[in-house]
Amino acid sequence: MQVFLTLWLIFVGSLAAAQDLSALKSPGGVALMRHALAPGTGDPAGFRLGECATQRNLDARGRAQARETGVALRAAGVAFDQVWSSRWCRARDTAALMGMGAVVEQPPLDSFYAGQGDPDGQTAATLALIEALPEAARVLIVTHQVNITALTGLG
């Protein structure tokens, strides 16, 4: 059975170094992370999946935040067996910039903010993906606030 950890890894490298990250080293750990800073809310009119120019994206601070978080995690000796991401560019880019491993897009991790998507179905599908992991696998999941809230009940 997986150990399900809710870890808000929304911090810069210096703060990450000050945190106790030992839980991330535990077999079976699942780390949930909201994408790095992408100014604004929701997605602009005309949003199209797979076309980053139509989406709300990471800004320079968000790109730096993602890189610094990856650096801090590696410096703390944290590694993941798998890295999963939403298909939204801001989540996928965060995961890639962290440099924690090959990023696998998982559609259930896509945002369901403002009535898009299927909150209950996507949450159930995400939990099924987690349950299907090998028992000791450690996974980093980069997704959206609404998904994390649905999975954990925390806001």
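Modeller: A nonpolar core is a set of buried nonpolar residues joined through side-chain atoms within 4.5 Å. Keep that in mind here. This is a predicted model.

Biologist: Which residues touch the most other members of the largest nonpolar core?

Modeller: That core has 18 residues. Leu24, Leu73, Phe80, Met98, Met100 and Leu140 touch the most other members. Two or more residues each come from strand E2 (29-34), helix H2 (60-75), helix H3 (89-98) and strand E5 (139-143). H3 gives the largest share, three residues. There is also a second, separate core of eleven residues. Leu133, Ala137, Ile141 and Ile148 are among them.

Biologist: Let me step back. How many helices and strands does the protein have?

Modeller: Five helices and five strands. Along the sequence they follow the pattern β-α-β-α-β-α-β-α-β-α. As for burial, 43% of the 155 residues count as buried.

Biologist: Which residues of H2 are buried?

Modeller: Gly62, Gln65, Ala66, Thr69, Gly70, Ala72 and Leu73. Now look down the axis of H2. The buried residues fall within an arc of 165 degrees, so they line one face of the helix. Ala60 and Ala75 are exposed on the other side of H2.

Biologist: What follows H2?

Modeller: Gly77, with a positive phi near 80 degrees.

Biologist: Now pockets. How do I find empty space?

Modeller: Roll a probe the size of a water molecule over the atoms, and it shows where empty space is left. In this model, the largest pocket holds about 150 Å³ of space.

Biologist: Which residues line the largest pocket?

Modeller: The lining is Arg34, His35, Gly40, Thr41, Gly42, Arg56, Arg90, Ser111, Tyr113, His144, Gln145 and Val146. By class, that gives two nonpolar, seven polar and three charged residues.

Biologist: One last residue. Where is Pro119 found?

Modeller: In helix H4, residues 119-131. For exposure, check the cut-offs: buried is under 20% relative accessible area, and exposed is over 50%. Pro119 has 36% relative accessibility, so Pro119 counts as partly exposed.

Biologist: How many residues apart in sequence are Pro119 and Leu151?

Modeller: They are 32 residues apart in sequence. In space, Pro119 and Leu151 are 9.8 Å apart, C-alpha to C-alpha.

Note on methods: Residues are numbered from 1 along each chain as its sequence is written. This is a predicted model: local features need pLDDT of at least 70, side-chain atom pairs count only at pLDDT 80 or more; totals for chains, interfaces and linings use all residues. Side-chain values use heavy atoms; hydrogens and water are left out. On a 1 Å grid over the protein atoms alone, a cavity is a set of points where a 1.4 Å probe fits but cannot get out, and a pocket is an open set with protein on both sides within 12 Å along at least five of seven lines; lining residues have an atom within 4 Å of a point. Grid points are joined across faces, edges and corners, and a volume is the space filled by probe spheres set on the points. Ala, Val, Leu, Ile, Met, Phe, Trp, Tyr, Cys and Pro count as nonpolar, Asp, Glu, Lys and Arg as charged, and the others, Gly among them, as polar. Buried means under 20% relative accessible area, exposed over 50%, partly exposed in between (1.4 Å probe, protein chains only). Helices (H or I, at least four residues) and strands (E, at least two) are DSSP runs, numbered from the N terminus. The arc is that of the directions from the helix axis to the C-beta atoms.
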